[in-house]
Structure formats: structure tokens, C-alpha cells
Amino acid sequence: MSDRTVDAPLVSLRGVTKVYEREGAPVRALDGVDLEVAAESYVAVTGASGSGKSTLLHVIGCLDTPSSGSYRLLGEELASLSADERSLRRRRIGFVFQAFHLAPRMTALDNVALPLRYAGVSLRDRRARAAAMLARVGLADRSMHTRAELSGGQQQRVAIARALVAKAPLLLCDEPTGNLDSKSGAEIVALLEELAAEGRTLIVVTHDLALAARARRRLRMTDGRITGDEAS
Amino acid sequence: MRDAARTLWRELRRDRARAIVSLLGITWGTLAILVLLAFTVGMEELFDERSAGLGDGIAIAWPSRTSKSWQGLPAGRSLAITRDDVLAAGNAVPVLDAISPEFRVQDRIASADAALRVSICGVEPVFARLRTLRPSPGGRFVDARDVAERRRVVFLGDRLALRLFPRGSAVGREVRIGRTPYLVVGVLEQKEQDSDYGGKDEGLAFAPSTTLAAAYGRRFVNDCVFRARDPERQAECTAAVVAALAARLRFDPADRQAVSVWDTTEQQRMLGWIFLGFHVVVGIAGAVTLMAGAVGIAHLMYLMVRRRTAELGLALAVGARPAQLCRELRAQTLLLVGAGGALGAVLAFALVAIAGAGPWTAETGVPRIPLALGVAAVLVLCACAVAASALPARAVSRLDPVMALRN
Ligand SMILES: Nc1ncnc2c1ncn2[C@@H]1O[C@H](COP(=O)(O)OP(=O)(O)OP(=O)(O)O)[C@@H](O)[C@H]1O
Ligand SMILES: [Mg+2]
């Protein structure tokens, strides 16, 4: 593709806005966001409720399209792609949702294997890879459990395993500890740190200051803008 | 495909009653289409067989009286046609398949057991082929040597044979026609016959044309029976036969009254049209039933998509393409329709087999599911599946992953 450059940052947003209509009035969830994230970064995004953190993550995760502005992933412009093409780009991105979002009637193993199913991996291979990934997040003995049989922390680890299984270079987490008690939260924080140490690119939205402190770069969002950007 | 099937099975079990009702809708529709048409097909075949009982695509011509003057000859002349005239006319018409003169006499026929008055037909060997006169096993029809040597042999209608020889076979036995002894060489195999000219074949006797003409001192035939090679060209063939006779007997070939012709293909064609209409009406009735079934399936699939919204949103979020999900949905619909249709087909074949074995088939014909009907049913079912998956597939392709996950 002509607009792809060799040394492009992994993620690059230029003047991205996202406007929602609510009862006829426009809501500017994102308001001119410029952001570059290099490969192998560990970025935390903080901000008040309603400041646009989830919206930003959805745009980066290719789950949502910006109302205007440019979004490049690995140098490729994604704003103008079709729904099918955007699905294909999502395979390069692991997404961990605020509410876990495990499919209720599937086992932990099948939940983790789900991204591989649509990538055309055979049943045997995807079960093997999913089992390995569950072991990686410390849930080898829970693979046949369904959502109802897992604790919140375990569900979140299953969700992380699912985001990792397709070997996506970019991992996006929306409040990974938000719904967990402090002990489970600490386990997840440790897991994310391990993943960052392995060289994965992480962008983590969080209210959890302990988690934010572990990141190497911290962004602050206010009313749809990035109002703080500090590295450590 | 396996994943689609597994998901379908899981979802169907969640709402068994609706799943079964929807499936049975397709089953019922398939059953209706197949069984109704199987009956009309069987009935058409029965009618065809009955009309072929007189002869398949034949015409019968009787010499009559001229109505126009021709080459100095006055109108109102009675025509008399010899066996040679008929055979010569046959040779002159290339589109002809076969032609046979027919002499008819009334006389007493007697065996040791019974005696009765019947019509005896003097005919050529091809008459058997023209008029669907099949000998029952062990016998034969009049053959070429019988005709050439004027043998006194006779072929009996099945009912006539039974009257004359109530015990045992008639073949090889002797009957007397008038005072003359004849050898029975064959008996008609029982057949359906819906029309005749001068008695059904089951009650007639058939002898060589030459034998009968000599025995009764006849020169002129009563009628002749013929058929075109191509049933579509029967009218042309008839005109050619009349023209050939006109040339030999010197009458105006355009004189429609000189020879009166009964072209049975006309009524066969009419029957064909009537049955075509019948098939179409019945087929539409079946298709409407099937469409109602398809609506049920469409509804079931739509509910399934609605129930699985979050799951489908998740699938999109982890990289499923909308086209992939639509394809899965179509496969699932096809699977459902296929299962319902297969069940309907099994029931239809069973029902048709049972209906085809009963004593009523003499009036209804033997219902049958021809290959073309099976293929058509499969195509209609596929169309139903495509139609039934259209609406739910649209719902899937419009899913937005973020919105879908939110509920
Ligand atoms: N689909 C939508 N339709 C209308 N408004 C929306 C929609 N999604 C988000 N918004 C609005 O956009 C703004 C940003 O929402 P967003 O979910 O990004 O906030 P957030 O920072 O993630 O908040 P929280 O910390 O509570 O999760 C909010 O005002 C929200 O109400
Ligand atoms: Mg949020």
C-alpha cells in the first residue's frame, strides 16, 4: 500500500473526532485527538468518567470509526475501509473489554479460541493454542468452565487470553481491573506488566492509579481531548 | 461449517417448540408439493396409458363420399378403398411410421364351450404396434407369413378368449368363425383403453387381412389406421395420406368429406394441456405451503440473531467479517430447510409408495415422484433457504460491534 511507511508508529491519530447524536444534540466524545504510540510501548489512559477513554480505545481497536480525522495502524489508513476490511484489521488487535464479554454458553477454552475460529484455524489447532494461552494466564485447570463458573478475576484473565491468542501485536484493555477486587486486580496488573516486558504494545484505560503508575507513558483525557502526556 | 452446525444445534435446543414447529412447516410444504404432484403425475400417466390403449398417436381414416367434383367426376361419389390402395398410399408418404388397412366383419365365433357374435378385424402385422395390441405370454399377433399365406389364424381379445375358453389357455386351440376353423395364435394382454371405434379390443378377434378378405369376399377395407413417425407431424402426415389416396382414387385432395379422419393426437395434446394446467395449479398450491414454512424459518433465524446479538458483536470484535457471519447464517438456514425438506421427502416417498400399492390405483393411477420433480423440489427448497436467510442476514450485516456488545 502506497501510504504505508517503513518506520511508521504502530498507532497514529491525527485530529480524530467522534461525534455522537444524542436526542438531536451532538456529543463530542473525541475532540481533535492527536496521538502516536510506538511499538512496544506501555501506555495508560486516565480521565474522568465520560471523558472519552472508551471511545478512544474503540477507535484505536477499529471497533468504531472516527467522525473525522485520520487513523493509521502500522501506517495504513483505516478510516475509509469497509466493514469486512475493518474486521480483518481487528485480527491484529487484542481487545479486553470493560465488562469481560465472555460468550455465556461457551467454555473458557472456546471463548479463548473464538478469534481463531474466524481466522480459519482448524478446531484441533485452535483448541491447542487456546489451551496454551489459558495456561499462560494461569487458568489451565479452568478450561472447561463456563462464564457462570468463573470468578470475575478469572473471567478477566480468560478475556486477556482471548485477546492474546491470535498473537496480535497490539493489546487494548478497557478498565481491566475496574470490576475486580483488589487481590484479583493485583494479579491482572502483574500479568499486564509481564506482557509489556515480553515486548507487546499495551494501551490500558484505567481509573486504577496503581496500574497507571506501572505504565511507561500516561495520557490524561478531559472532555474528549488529551490534556496530559507524560513518560517515566 | 461444523461450527455453524454446532451453534445452530445449541440455539435450537434453547427453543425446542419453535424449532420443531418451524421445521415441520418446511416438512409439510415439501410433503405437500411432492405428494400432490406425484398424484397428478400418476393420474396423467394413467390417462396417457388409457388413451394409448387405442393406439399411441394414431389416426383412423374411413372412406366416405366425395363432396366436390374432380377431373370430370361428379360430387357425391362413394369411395371404395382396397388393401392395395392403402399399402400404396403408405409407401408414398415418407413421414409415415406405419399404416394398416382394416376389414371388419360380424360373425359367429364358437369354441367347444361357448358361441357368440363378434366383430372380426382383418389387419396387417403392424396393426399390433399401432393399436397397442400386446400378446400375453405364450402367444403372438398375426405375422407376415400369416398374411402372405392367408393362414386361418386368429388373435383374441382377452375377454373374448375368457368367454370362449373359461378353463385354460386359448392359445393353440381351435375356434370356428362362421363354419371355418381358425387356430388361436395369441390372446391380448389386458390393457387400459378409454376409447374405441366399434368395440373395445378385449371383445374383438383379429385375423390376417388377406384371410378375412378372401373368406368373406371383401375387396374394400372398412378403414385404415396409421401413425406419423413424429407425433408433432401427425396433421401433415394425415394430409399426405389423404393426398396419396386422392391421387389413386381420383378425388380432390382438398375434399375434407371424402375421407373422414379421427386424429387421436388432438385429444392427447388437449389432455397434455389440461394436465399441464393441473400440475401448475397444484404446484403453486404446494409452493405456497412451502413459502409459509420458509416464513417460519425466517422468523426463527431472525429471533436467533436477536438473541445472539451480543455473541455476534463479540465475534465481530475479535475479527469475524460480517460476510463470514452472514455465510454462517445462510449455512444454518440451509441446514434447517434441508433437514425439514429431507424429512418431508422421506414421508412423501413413503406415502407415495403406500398410495401406489392400493387397489384404488385403477382409478387414481400410480402416484410417482419423477426425477425432475425431485430436482425441482430441491431447487425450490434452496430458494426458500435463500429467501428465509435474507432478512436475518441483513440484520447481521448491520450489526455494530460496540452497540451489539452493549446489550
Ligand atoms: N453510542 C453512543 N451514543 C451516544 N453517546 C455516546 C455513545 N458512546 C459514548 N457516548 C458518549 O460519549 C462520551 C464519552 O464516552 P466514553 O464511553 O468514551 O467515556 P469513558 O471515558 O469511557 O467513561 P467511563 O470512564 O465512564 O467508561 C460520553 O459522554 C458518552 O455518554
Ligand atoms: Mg469507558
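1. The radius of gyration here is taken over C-alpha atoms, and the globule rule is 2.2 Å times the number of residues to the power 0.38. For the 232 residues of chain A that rule puts a compact globule near 17 Å, and chain A has 17 Å, so the two agree. The C-alpha trace of chain A spans about 45 × 40 × 40 Å along its principal axes.

2. Housekeeping: this is a predicted model, where local features need pLDDT of at least 70 and side-chain atom pairs count only at pLDDT 80 or more, while totals for chains, interfaces and linings use all residues. Residues are numbered from 1 along each chain as its sequence is written, chains are lettered from A and ligands numbered from 1 in the order in which they are written, and side-chain values use heavy atoms, with hydrogens and water left out.

3. Chain B is another story. A compact globule of 407 residues would come out near 22 Å, but chain B has a radius of gyration of 33 Å. Its C-alpha trace spans about 105 × 60 × 30 Å along the principal axes.

4. On secondary structure (DSSP runs numbered from the N terminus: helices are H or I, at least four residues; strands are E, at least two), chain A has seven helices and 10 strands. Chain B comes to 14 helices and nine strands.

5. Now the ligand. Ligand 1 lies between chains A and B, with 16 residues around it (a heavy atom within 4 Å). Nearest are A:Arg22, A:Ser49, A:Lys53, A:Ser54 and A:Thr55.

6. Which part of chain A gives the largest share of the shell around ligand 1? That is helix 1, with three residues. Strand 1 (11–22), strand 2 (25–37) and helix 1 (53–60) of chain A each supply at least two.

7. Polar contacts (a pair of N or O atoms within 3.5 Å) are worth a look. Oxygen atoms of ligand 1 come 2.5 Å from a side-chain N or O of A:Ser49 and 2.5 Å from one of A:Thr55. Taken alone, ligand 1 exposes 630 Å², and the protein buries 75% of that (Shrake-Rupley method, 1.4 Å probe).

Terms used:
Polar contact = N/O pair within 3.5 Å; in protein donor to acceptor, adjacent residues only side chain to side chain.
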